[in-house]
Amino acid sequence: MITGTVTSIFGDDINTDDIIPASYLQQSTDRRFFKDYAFEKYDPAFRQRCQQAEANIIVAGANFGCGSSREQAVYAIKENRVVCVIARSYPDIFYRNALNNGLVLITLPDTSSFRLGDELAIDLDAGTVENRSQGTRFTFAMPPEERETFKQGGMIGRVRAHLEEILAARQARR
Amino acid sequence: MGQTMVEKIVSRHVGRPVYAGEKISRLPITKLFFNDVIGPPAIKGFLENFSDLFAKYGLTPQVFDPQRVFFIPDHSVPAFAIAIAEGIKLMQAFAKERGIAMYKEGDGIEHVVLIEDGHIVPWDIVLGTDSHTDTNGALGALAFGVGTTEAMYAMATGHLYDFVVPESIRFELSGALPTGVYAKDLILYLIGTMGAGGCSKRVAEFTGEGVRSLSMDARTTICNMAVEMSARTGIMAYDEVLADYLKDRARWPVEPIASDPDATYARTVHVDLSALEPMVAFPHKPANVTPISQVQEMIARSQREPTPDFCPVEDDTITDAFLGSCTNARYEDLVIGAQVLRGHKVHPDVNLIVIPASRKVYERAMDEGILQVFIKAGANVESSNCGPCFGSHMGVLSSKSKMISTSNRNYKGRMGSPEARIFLASPATVVASAIEGRLADPRKYLT
Ligand code: SF4
């Protein structure tokens with residue numbers, strides 16, 4: 001169960017330049033670095049709001065995370081204790097980057113009922129978002145493999161197993 | 001059952017017929033490239049996550065196939081900060097030890113140089129650590145931008161994981177572009193029509209007789225911006241124009257590719273190229289598109305109904321102009337820009353920056369006297385790199401700047417201050433605007 005407070009509500013087409021401006025990307029290879037620059041130009045108060053709550057949830061409209069493939073956008077969000085994003089849709093690159101880093105993305109057809117300060121509880125297995133502040137409940141669909149990948153924080157285990165297969169096969173040929 | 005190009009390419013690489021919607025748990029790739037933004041963290045991640053496995057088999061960590069991996073420092077070069085210089089040196093050392101091709105700073109932009117050097121061919125599955133990797137689709141390749149983690153996985157195993165074969169939207173182009181109207185105007189028009197999310201989860205396939213009339217430079221401009229309507233990628237079939245381009249250039253075997261006539265598409269969109277006019281995208285998103293003839297109405301609308309990504313524009317004046325980027329700084333783009341500029345001066349209030357997309361383009365433009373036209377007219381010509389498009393050097397914008405750019409994104413703050421206004425347009429429109437100091441129709445310079 002993922003629980004948290006809605007501390008940001010955004011509209012449609014929030015892009016990864018909005019989430020983390022380019023000028024910070026090459027300043028560090030440490031993902032924690034990007035925490036301090038999340039939404040620097042688009043919403044400078046974002047980080048402060050995130051500090052007020054134990055666990056943050058971002059609510060957005062359609063196409064959240066469009067634009068550049070910079071994975072630093074996912075780090076910038078996640079490192080600010082954001083446990084989940086709920087939006088109407090996500091472009092593929094951002095979705096995959098989030099999946100690879102265990103930033104949970106939930107898709108709901110309508111996100112307009114959420115308000116700042118709402119306390120939510122998300123059950124990935126049941127596919128439900130419960131708005132405890134408003135007493136409402138929504139269901140979402142998520143393929144089981146994706147659910148597992150989100151929970152495990154990525155697919156590194158699978159990739160390592162694959163690499164080991166490749167290396168073993170190479171060794172057998174030698 | 002007929003297949004789209006995407007379905008065909010994936011089918012070949014997995015060794016069985018597949019169709020849209022199918023999930024491929026391990027998709028082999030054929031080319032992989034890194035820039036100076038993602039290269040360093042990807043190398044770090046690769047060594048951290050996989051070195052122990054290589055050691056277990058008595059091996060030093062090696063990429064899946066050094067012939068198929070390319071390192072291209074292009075975003076922040078020549079390095080303007082120590083951290084960037086360190087990153088580039090790390091890439092150099094890693095590449096050298098492993099026999100990976102590493103381009104030099106100033107050789108050009110990733111989405112231009114690999115194509116130019118014959119590394120991209122039809123049927124390739126290309127991954128690049130940059131969303132504009134879709135550019136490579138103009139060569140009949142399936143090309144995706146990926147983040148650090150997926151690129152680092154691919155570096156190790158040569159695979160992309162859990163890939164869902166996307167459906168395609170067919171853009172059926174007919175007619176030919178009128179004078180003063182270019183590939184950039186077409187793709188801006190499509191982005192404006194489809195919207196920022198209009199091609200989401202789908203591949204944009206550009207087809208029809210209208211494509212055949214377009215050069216490779218024009219085709220790459222179109223595929224480059226497919227991602228601005230959230231397409232997974234853009235793609236175009238093999239034809240005589242591509243065959244010609246690849247002749248004496250391709251370093252890998254070339255085989256024709258096209259979708260089957262009875263392939264299934266999510267949708268077909270028809271566009272008559274001859275009906276288009278020059279287009280301008282207003283700040284702050286590429287989908288805020290207007291024909292140049294309706295700029296005044298668009299300005300009025302921006303004041304009347306602003307939104308966070310459609311900001312109020314005061315008037316049509318501009319202070320900065322950029323002819324460059326992976327979208328529009330190839331040879332033909334510079335020829336067009338020079339054609340408009342010849343006999344004129346850059347407006348006294350405008351800073352025009354010209355950055356050829358690659359060293360080869362730079363040299364040819366120099367040899368043919370094209371760079372001289374820009375320099376004599378008062379432009380700043382820089383060595384090849386992403387320049388102000390990346391917003392961190394070579395023309396960063398102030399809060400008062402009003403920039404017209406041939407690049408592909410005008411997001412808030414993309415090129416510097418979040419207060420700056422960025423307009424997107426073709427090389428001809430950008431140069432005409434640089435002459436007049438306001439958003440200008442280039443057609444009067446081209447008759
Ligand atoms: S020119 Fe701009 S869009 Fe193209 S790769 Fe460089 S930063 Fe990205």
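Biologist: How far apart are the C-alpha centres of domain 1 and domain 2 of chain B?

Modeller: They lie 24 Å apart. Keep in mind that this is a predicted model.

Biologist: Where are the domain bounds in chain B?

Modeller: Domain 1 covers 5–163, domain 2 covers 168–275 and domain 3 covers 279–445.

Biologist: And how many residues of domain 1 and domain 2 of chain B are in contact?

Modeller: In chain B, 30 residues of domain 1 touch 34 residues of domain 2. Between them these two domains bury about 2700 Å², with carbon and sulfur atoms giving 60% of that area. On the domain 1 side, Met5(B), Asp134(B) and Ala138(B) lose the most area to domain 2, together 24% of what that side buries.

Biologist: What about charges: how many salt bridges cross the interface of domain 1 and domain 2 of chain B?

Modeller: The rule finds 2. Arg12(B) forms a salt bridge with Glu255(B), and their closest N and O atoms are 2.9 Å apart. For polar contacts between domain 1 and domain 2 of chain B, the count is 16 residue pairs.

Biologist: Which elements give two or more residues to the domain 1 side there?

Modeller: In chain B those are H1, helix H4 (110–116) and strand E6 (142–145). The largest share of that side comes from H1(B), with 5 residues.

Biologist: Switching to the sheet in chain B. What's the strand order in the open sheet of 4 strands?

Modeller: The order is E10-E9-E8-E11, and the pairing is parallel. Strands E10 (233–236) and E11 (267–272) of chain B are at the edges with a single partner strand each, so one side of each has no neighbour in the sheet. On average, neighbouring strands of this sheet are turned by 25 degrees against each other, ignoring direction.

Biologist: How many bridges join E8 and E9 of chain B?

Modeller: Strand E8 (residues 168–174) and strand E9 (residues 203–207) of chain B pair in the parallel sense over 5 bridges. Glu172(B) stands opposite Thr207(B) in E9(B).

Biologist: OK, and which strands does helix H1 of chain B touch?

Modeller: Helix H1 (residues 5–14) of chain B packs on the sheet and touches E8, E9 and E10 of chain B. The direction of H1 makes about 95 degrees with that of E10(B). Helix H6 (residues 183–194) of chain B also packs on the sheet, touching E8, E9 and E11 of chain B, and the direction of H6 makes about 135 degrees with that of E11(B).

Biologist: Last topic, the two chains. How much area do chain B and chain A bury between them?

Modeller: About 4500 Å², 50% of it on carbon and sulfur atoms. The contact takes 55 residues from chain B and 48 residues from chain A. In chain B, Tyr57(B), Tyr153(B) and Tyr411(B) lose the most area to chain A, together 14% of what that side buries.

Biologist: How many salt bridges are there between chain B and chain A?

Modeller: The count is 10. Arg158(A) forms a salt bridge with Asp162(B), with the closest N and O atoms 2.9 Å apart. Chain B and chain A also have 29 residue pairs in polar contact.

Biologist: Which elements of chain B give two or more residues to the side that touches chain A?

Modeller: Strand E1 (23–28), helix H2 (39–56), helix H3 (82–98), helix H5 (148–157) and strand E7 (159–164) of chain B. H2(B) gives the most to that side, with 9 residues.

Definitions and conventions: Residues numbered from 1 in each chain as written. Chains lettered and ligands numbered in written order. Predicted model: local features only at pLDDT ≥ 70, side-chain atom pairs only at ≥ 80, totals over all residues. Heavy atoms only, no water. Pairing = 2+ DSSP bridges. Axes fitted to C-alpha atoms, helices over the stretch in contact; angles between N-to-C directions. Contact = heavy atoms within 4.5 Å. Domains from an automatic or database assignment. Buried area = accessible area lost by both parts, 1.4 Å probe. Salt bridge = Lys/Arg side-chain N within 4 Å of Asp/Glu carboxyl O. Polar contact = N/O pair within 3.5 Å; in protein donor to acceptor, adjacent residues only side chain to side chain.
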